[in-house]
Amino acid sequence: MDNQDFSYKLKEKKNNKYTFDVIVFKNLFEKESQKTFQRLSKNVKIPGFRPGKAPKEAIEKKISYDVFTETIETVLPNVAQEILIKEKLNPLSKVNYNFEKMEDNGAIHFSFSFLTNPE
């Protein structure tokens with residue numbers, strides 16, 4: 001991942017709680033979505049077709065929701081981890097994610113928050 005894949009800003013820092021707003025750009029989401037599709041499509045069974053021989057459109061129709069959710073579950077923590085490393089932050093608590101929206105242009109908006117050591 002590089003800085004062209006996402007942007008972020010510190011939304012709130014209250015005591016030892018941090019909240020970041022993040023935008024993941026379309027190119028990163030699509031790249032991860034293709035990896036997820038390749039992995040999940042190997043196990044799809046479409047009646048009338050041998051394994052691995054079904055048309056891509058039929059496979060996409062059958063697993064599109066799973067591809068989307070698994071891609072989200074991969075991208076959000078990976079991007080958050082990159083931000084934590086860049087900002088030199090070490091969460092003490094579980095990182096909480098909040099998927100906000102997906103724009104028409106394919107960008108994903110989410111936020112994440114966590115607790116650190118009190119200062």
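In this predicted model, the largest nonpolar core has 20 residues, of which Phe-20, Val-22, Val-24, Val-79, Phe-112 and Phe-114 touch the most other members; such a core is a set of buried Ala, Val, Leu, Ile, Met, Phe, Trp, Tyr and Cys residues joined through side-chain atoms within 4.5 Å, where buried means under 20% relative accessible area, exposed over 50% and partly exposed in between (1.4 Å probe, protein chains only). At least two core residues come from each of strand 2, helix 1 (26-41), helix 2 (56-87) and strand 4 (108-115), and helix 2 gives the largest share, seven residues; helices (H or I, at least four residues) and strands (E, at least two) are DSSP runs numbered from the N terminus. Another core, of eight residues, lies apart from it and includes Phe-37, Val-44, Ile-46 and Ile-59.

Two residues can be set side by side by their contacts (heavy atoms within 4.5 Å), with residues up to four places away in sequence left out.

| Residue | Contacts |
|---|---|
| Ile-23 | Asp-5, Phe-6, Ser-7, Ala-107, Ile-108, His-109 |
| Val-24 | Asp-5, Phe-6, Phe-29, Val-75, Val-79, Gly-106, Ala-107, Ile-108, Phe-110 |

Ile-23, in strand 2 (residues 17-24), is partly exposed, with a relative accessible area of 26%.

Residues are numbered from 1 along each chain as its sequence is written. As the model is predicted, local features need pLDDT of at least 70 and side-chain atom pairs count only at pLDDT 80 or more, while totals for chains, interfaces and linings use all residues; side-chain values use heavy atoms, with hydrogens and water left out.
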